[in-house]
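Please walk me through this model in the viewer, one selection at a time. I would like to know what to pick next and what is there.

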Amino acid sequence: MRDATYEDLLIKNLSKRIKELGEKATQILIFLSFALVVVATLGSNNVLELSQKHALTSAMRWWVAAVFFVLVAILPLKEFRENNRRWYQIIRWSKVVILWLTLVCIFCGAVHFTHAI
């Protein structure tokens with residue numbers, strides 16, 4: 001059986017990593033807020049061609065999808081089972097997967113945004 005201090009150290013490290021992932025999610029949410037404002041501002045420009053407006057709409061759709069992933073990533077899930085190593089591992093890996101899905105959506109939106117400008 002493992003030493004209690006070893007278990008405490010693992011839980012502490014997992015908790016720290018979950019916090020870091022939450023901070024990354026918050027930073028991504030701030031980026032997406034600005035990106036959506038930019039798309040909405042550019043989209044209101046009547047000088048844009050139809051293809052550019054379509055690309056902006058596609059970018060906005062990808063970035064809005066990313067917002068939903070980020071919102072899931074910032075949920076305070078640690079509170080359901082405090083100091084539980086197994087639970088913290090599930091949360092950590094879930095946040096990693098969700099943040100990668102978010103980055104894929106952001107990348108796809110950025111490609112469409114590039115076509116719009």
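Helices here are DSSP runs of H or I with at least four residues, numbered from the N terminus. The model is a predicted one.

**Stop 1: the end of a helix selection**

Start with A73, which is found in helix α2. Helix α2 covers residues 50-73. Is A73 buried or exposed? Its relative accessibility is 1%, so A73 counts as buried.

**Stop 2: the aromatic residues**

Clear the selection and show aromatic side chains. Across the whole structure, two aromatic pairs are found. One of them joins F31 to W63, with ring centres 6.3 Å apart and planes at 75°, an edge-to-face arrangement. This pair connects distant parts of the chain, since F31 sits in helix α1 (residues 4-43) and W63 in helix α2, 32 residues apart.

Colour the two residues by accessibility. F31 has a relative accessibility of 40% and therefore counts as partly exposed. W63, at a relative accessible area of 4%, is buried.

F113 counts as buried because its relative accessibility is 17%, and the cut-off for buried is under 20%.

Select F31, W63 and F113 together; ring pairs link these residues into a cluster.

**Stop 3: the cysteines**

How many disulfides does a search of the whole structure find? The search finds zero. To see why, select C105 and C108. The sulfur of C105 has its closest cysteine sulfur in C108, 6.7 Å away, which is too far for a bond; a disulfide needs the two sulfur atoms within 2.5 Å. C108 is likewise in no disulfide. As for accessibility, C105 is buried with a relative accessible area of 7%, whereas C108 is partly exposed with 21%.

**Stop 4: α2 against α3**

Switch to a cartoon view and select helices α2 and α3. Their axes come within 8 Å and cross at roughly 165°. That angle makes α2 roughly antiparallel to α3, because angles over 145 degrees count as such. The crossing of α2 with α3 is left-handed. Colour the residues of this contact by class: 20 are nonpolar, six polar and one charged.

**Stop 5: α1 against α3**

How do the axes of α1 and α3 cross? They come within 10 Å, at a crossing angle of roughly 20°. α1 is therefore roughly parallel to α3, the cut-off being under 35 degrees. α1 and α3 also cross in a left-handed sense. With the class colouring still on, the residues of the contact of α1 with α3 divide into 19 nonpolar, three polar and six charged.

Key:
Residues numbered from 1 in each chain as written. Predicted model: local features only at pLDDT ≥ 70, side-chain atom pairs only at ≥ 80, totals over all residues. Heavy atoms only, no water. Phe/Tyr/Trp six-rings, centres within 6.5 Å; stacked < 30°, edge-to-face > 60°. Helix = DSSP H or I, 4+ residues; strand = E, 2+ residues; numbered from the N terminus. Buried < 20%, exposed > 50% of the residue type's maximum accessible area, 1.4 Å probe, protein only. Axes fitted to C-alpha atoms, helices over the stretch in contact; angles between N-to-C directions. Parallel < 35°, antiparallel > 145°, perpendicular 65-115°, else oblique. Left-handed = near helix turned anticlockwise from the far one by under 90°. Nonpolar A, V, L, I, M, F, W, Y, C, P; charged D, E, K, R; others polar.
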